[in-house]
Amino acid sequence: QSSAPSLTSEPDSIMLVPAGDHYTMIDFATTYFQEVQSMQRLKGMAAEKKSIADLVQHTKVPIQESLLRYSDRELSELAAKNFKTLMRFMGDQAKLKNQNEVECIYEILQLCKEKESLHDEVYCQAIKQVTHNPNQESVLRGWLLLNLLTGYFLPSNILMPYATKFLQLASSDPSSTHHEIAKICQSNLRKNLMYGGRRHLPFPVEMEALLKGRGARQLVILLPGGVEYLTRIKTFTVAKELLQEICEQMGADEQEEIQEFVLFATRSDNKVVRLIRSEEYLHDYLLEDSLVTVTLRRLIWRTPLHFENNIYVDVHYGQMLWDYLNGRMLLSRGKEMVMQVGILAILQHWAKPEQQNSALSREELKEYTPKTLQSYISPQVLQSQVGTLLRTRQPLPPVDAKIQFIEHMMKLPFFGYTIYFVKRVSDHTISVPCFFGVNKEEIIVVDDTSQVVSCVIPLKELQKVRTLRPLSDDGLPGLELNYGSAASPKTMWLELSQAKEMYHTIIVILDKTELHH
């Protein structure tokens, strides 16, 4: 595939809005539209300027060849065909039999996806058709296409300043019907430059909603502890924006702390967990059939915790409680373990408003004890321990009980590590099953019974991480770690049910802490 030779791109990382009267679409057309060459024989600059202005304005007649010059005839023909599709989508031409507007817009976006060299052509066509277009409905459709183009595909660095100038002028006229959508297009283009465009084209349901003027969809985020956070996300909302919004609701508005939270996308049909990076578009993870659940977790614990906001307390309590009850918070095994489990049980009890002064039944006590510890602790001994604690301590209000629970968790030896239960390891010096812990500095291997750390891999020594498929139908997925120095490289593989989650956790921590070289 060959592109217009005059539109070669050069690397560029920032978008500057040109000042003054330069960089208008007329200026661009004068240099790059192929029809201008044949018009330059006309006498008089005014006539030439007027004729060029016509080339960047709405037309009722389909173009016969591409606006830009292409050495490849196929590209010119595809461009002319696309213009007809654009006119049908905007309502300026009758649609083909059995063709609807969703199909028209898919055809345009698919062409851009397949032929990068036509991005500028499609931008120029859309800009032309919304300029001095007398039909407001048609204009609105054209801007809707520009909204999608700016979020999915970048113009070349040659066209960029002209497209940017066009959007700036369109957004600075409050009397126009499209100045709001022009602002959205500017924002899309900025995100596209910073993060790249959205990966997947919209599902038909999303496209139909956009055509009906519904640019946002409702999304429920599951916060730790089962709290549901209801929000609305737009076509090009990135995870970073949503994290900022949730953290502000929690009273965590420092950027350093916001970066310690992450969003996970979990498919309910096959339980596959993916970590959504902060620069990724949420819609790229959402399926049409609501099979994906988005959850929030804190992954890094560098910033000190603060408890002035009740939502913040609930989120941290919910996450630590779930980790504790599911064996992902490791308690010291020994005489003090029963005491710790007892204290944490009464704090859980007091955290429930309706349980303030009631005694604990044996069933409740079992519910408050981690599943992994139930076989190590005698229910009678624990019941007696809790009875003594309840007689000697004043009940706490729920918020205070939650804060004390969090503070107890923070004193545990492996607090700050995300813990994974591993069934098999390639290193035969490590007894299995065991625990692997990942924090902002290292990966540790912890013995299942003694809780002694038997191996430490600093994250800065990690060269490569990759997931491994199960060796058999009923086997577990795995993870391969390549670490050490160039002179002394080492490899370890491990098998665990949460291999995908552990992989994404390591990758994101490397990303966020900038330890990777």
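## A first stop: asparagine 98

Where does asparagine 98 lie? Asparagine 98 sits in the loop between α4 and α5. The model you are looking at is a predicted one. The phi of asparagine 98 is near 65°, which is a positive value in a residue other than glycine. Is asparagine 98 buried or exposed? With a relative accessible area of 70%, asparagine 98 is exposed.

## Helix α5 meets helix α10

Let us begin with α5, which covers residues 101–114, and α10, which covers residues 204–211. Two packed helices are described by the angle between their axes and the distance between the axes. Here the axes of α5 and α10 come within 10 Å and cross at roughly 110°. That makes α5 roughly perpendicular to α10, because angles of 65 to 115 degrees count as roughly perpendicular. The crossing of α5 past α10 is right-handed.

Which residues of α5 and α10 meet? On the α5 side they are Glu101, Val102, Ile105, Tyr106 and Leu109, and on the α10 side Pro204, Met207, Glu208 and Leu211. Sorted by class, this contact of α5 with α10 has 7 nonpolar residues, 2 charged residues and no polar ones. An α-helix has 3.6 residues a turn, so residues three or four places apart point the same way.

## A closer look at α10

Which residues of α10 are buried? They are Glu206, Met207, Ala209, Leu210 and Leu211. The cover over these buried residues of α10 includes α4, α5 and α7. Met207 and Leu211 are also among the α10 residues that meet α5. After α10 comes glycine 213, whose phi is positive, near 90°.

## Helix α4 meets helix α7

Helix α4 spans residues 73–90, and its axis comes within 8 Å of the axis of α7, crossing at roughly 125°. That makes α4 oblique to α7.

The α4 residues in this contact are Leu86, Phe89 and Met90, and they meet Ser138, Arg141, Gly142, Leu144 and Leu145 in α7. By class, the contact of α4 with α7 has 5 nonpolar, 2 polar and 1 charged residues.

## Aromatic rings

How many aromatic pairs are there? The count comes to 13 aromatic pairs. One of them joins tryptophan 143 and phenylalanine 166, a stacked pair with 5.6 Å from centre to centre and 10° between the planes. Tryptophan 143 belongs to helix α7 (residues 136–152) and phenylalanine 166 to helix α8 (residues 160–171), so the pair ties together parts that are 23 residues apart in sequence. Tryptophan 143 is buried, with a relative accessible area of 1%, and phenylalanine 166 counts as buried at 15% relative accessibility.

There is also an aromatic cluster to find, formed by Tyr23, Phe28, Tyr32, Phe33 and Tyr162.

Proline 433 is in the loop between β7 (424–425) and β8 (434–438). The peptide bond leading from valine 432 to proline 433 is cis, with omega near 0°.

Glutamine 451 lies in the loop between β9 (442–447) and β10 (453–458). Although glutamine 451 is not a glycine, its phi is positive, about 60°. Glutamine 451 is buried, with a relative accessible area of 10%, whereas asparagine 98, which has a positive phi too, is exposed.

## Two residues and their surroundings

Histidine 306 is in the loop between β5 (292–298) and α13 (310–325). Beyond its neighbours within four places in sequence, histidine 306 is in contact with Gly251, Ala252, Glu257 and Tyr312. Histidine 306 and histidine 132 are 174 residues apart along the chain, and their C-alpha atoms are separated by 56 Å.

Glycine 478 is part of strand β12 (residues 478–484) and counts as buried at 4% relative accessibility. What does glycine 478 touch, not counting residues up to four places away in sequence? The list is Arg466, Thr467, Leu468, Leu494, Glu495 and Ala499. Threonine 392, by contrast, is 86 residues from glycine 478 in sequence and 48 Å away in space, C-alpha to C-alpha.

Key:
Residues are numbered from 1 along each chain as its sequence is written. This is a predicted model: local features need pLDDT of at least 70, side-chain atom pairs count only at pLDDT 80 or more; totals for chains, interfaces and linings use all residues. Side-chain values use heavy atoms; hydrogens and water are left out. Axes are lines fitted to C-alpha atoms, for helices over the stretch in contact, and angles run from 0 to 180 degrees between N-to-C directions. Helices (H or I, at least four residues) and strands (E, at least two) are DSSP runs, numbered from the N terminus. Angles under 35 degrees count as roughly parallel, over 145 as roughly antiparallel, 65 to 115 as roughly perpendicular and the rest as oblique. A crossing is left-handed if the near helix is turned anticlockwise from the far one by less than a right angle, and right-handed if clockwise. Contact means heavy atoms within 4.5 Å. Ala, Val, Leu, Ile, Met, Phe, Trp, Tyr, Cys and Pro count as nonpolar, Asp, Glu, Lys and Arg as charged, and the others, Gly among them, as polar. Rings of Phe, Tyr and Trp (its six-membered ring) pair if their centres lie within 6.5 Å; planes under 30 degrees apart count as stacked, over 60 as edge-to-face and the rest as tilted. Buried means under 20% relative accessible area, exposed over 50%, partly exposed in between (1.4 Å probe, protein chains only).
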